[in-house]
Amino acid sequence: MSKKDRMSGNEAVAYAIRQINPDVMPAFPITPSTEIPQMVSTYIANGEMDTEFIPVESEHSSMSAAIGAEAAGARSLTATSSAGLALMWEELLLAASNRMPLVLALVNRTLSGPININCDHSDSMGARDTGWIQIYAENNQEAYDNFIQAYPIAEDKRVHLPVMICQDGFITSHAVENILLEEDAAVKEFVGEYNPEEFLLNPGKPIAVGPYSISSYAMEARYNQELAMENSKEVILEVAKKFKEKFGRGFELFEEYRTEDADYIMLIMGSAAGTAKQAVDDLREKGMKVGVLKLRVFRPFPAEEIAMALKNCKAVAIMDRTESYNGHGGPLASEVTAGLYRSKVMIETVCYTYGLAGRDFTVETAYEIFDELKDVAENGKKVKQHRYIGLRSKERS
Amino acid sequence: MRTDVNTINEKTPHEDLTEGLMMFAQATSKNFNTGEWRTNTPVFCAEKCKQCLLCAPVCPDSAIPVKDSKRSDFDYDHCKGCGICVKACPFGAIEMREGQ
């Protein structure tokens with residue numbers, strides 16, 4: 001039986017960690033993810049879980065220790081945000097290339113500069129090519145649900161890759177909302193025990209992890225890693241299906257909200273999807289056929305599935321909560337349009353950058369975007385393809 | 001998943017490599033003659049050596065073989081010529097020579 005409660009996103013993830021009771025958690029505090037290790041430490045101090053908590057001196061060390069623990073045969077995790085993730089850079093790549101199924105609770109916060117502690121996706125988007133699976137949440141419920149699904153995905157033999165469970169800093173991590181929590185036993189049963197086949201602390205079966213690789217082997221190893229990422233898609237779908245059967249909630253690679261007959265779709269990720277859905281409900285009342293495609297899984301990138309989901313609409317707004325500084329658009333803009341082209345889905349697209357460093361994304365902003373999409377599709381309005389929304393400017397948009 | 005790594009070579013297709021290039025073996029570094037990195041070479045003078053054995057434990061590799069409490073000549077297959085043993089020897093029984 002689910003239990004109704006109210007919690008912040010950080011509390012929800014810490015609650016899931018308590019229920020899963022992993023073996024090792026090295027962590028270093030950074031806003032806005034600090035509460036996660038803090039709450040886990042409290043659970044441990046109160047005897048509610050027996051995870052080995054390692055207070056380390058930096059995020060470089062927390063990720064290194066998490067990899068070391070995982071290689072030794074333990075189920076490990078850590079949590080971080082922003083500059084903490086940036087300091088883990090080298091280790092993120094090692095976790096993936098050494099095929100360590102560990103989990104990172106990421107609370108999305110912008111990267112400097114200007115220095116700022118609020119939400120955007122520049123931290124995880126910067127790490128998008130490090131070989132981690134990335135799953136994003138709209139709210140505290142999804143952060144909780146996604147975290148419970150992380151180990152079954154990561155530890156599957158077809159995958160053996162690390163998983164980053166992302167939620168929006170402050171907006172999700174600190175806002176208290178209603179949530180359905182599952183029973184400890186049901187969560188433990190869903191996640192299962194971790195029984196690695198090969199690990200360092202395995203007497204009589206010696207291994208070496210992460211050996212130097214000459215050119216004759218490194219390219220093949222990377223291809224195998226890419227294959228694992230491709231394989232992870234079916235595992236993510238299986239785990240999502242199993243989760244839905246057991247707990248009655250959740251989405252697969254993305255959520256399609258009122259898109260079945262939509263002329264205009266907003267493709268968006270994270271907490272702002274909730275705002276976009278409100279705008280869709282309001283505009284539907286007025287007879288405008290609009291919808292939201294909320295991306296849940298960014299890595300592996302479901303290019304073809306997105307193209308198929310968008311193929312019947314007239315125009316799509318692709319929403320990036322980060323800047324790529326390439327004069328061309330953010331990561332979603334680049335990858336979605338490439339996916340549409342490859343599937344020969346030639347609909348209109350406009351790429352918007354929104355919500356940087358905690359800038360509010362409002363229902364009114366979403367109305368404006370849908371109006372502009374309509375203008376583009378119906379009247380052939382020419383708009384700049386890489387647009388900022390919610391920006392103060394002397395130019396009228 | 002446990003593979004005999006001796007069956008893997010530079011012609012092995014990607015499907016047959018181990019996951020993350022994990023090695024299912026131990027002490028494989030012995031198989032690599034890292035001594036070829038050496039640019040300077042320590043030379044052992046047996047007549048000056050008092051067998052105090054201060055040199056063997058400071059070797060960052062294991063290039064000073066010790067048997068029955070006595071060291072013998074260098075293992076040049078693995079000695080990289082760092083010269084730490086030269087500084088450790090109180091009797092001048094190791095001299096550094098330029099080149100391989």
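Modeller: Happy to! Taken over C-alpha atoms, the centres of domain 1 and domain 2 of chain A are separated by 28 Å. Domain 1 covers 3-247 and domain 2 covers 254-388, with bounds that come from an automatic or database domain assignment. A word on conventions: this is a predicted model, in which local features need pLDDT of at least 70 and side-chain atom pairs count only at pLDDT 80 or more, while totals for chains, interfaces and linings use all residues. Residues are numbered from 1 along each chain as its sequence is written, and chains are lettered from A and ligands numbered from 1 in the order in which they are written.

Now the contact between the domains of chain A: domain 1 brings 25 residues to it and domain 2 brings 20 residues, where contact asks that the C-beta atoms of two residues, placed from the backbone, lie within 7 Å. On the domain 1 side, helix 6 (122-126), strand 6 (133-136) and helix 9 (215-247) of chain A supply at least two residues each; helices (H or I, at least four residues) and strands (E, at least two) are DSSP runs, numbered from the N terminus. Helix 9 of chain A gives the most to this side, with five residues.

As for confidence, the predictor gives the complex an ipTM of 0.89 and a pTM of 0.93.
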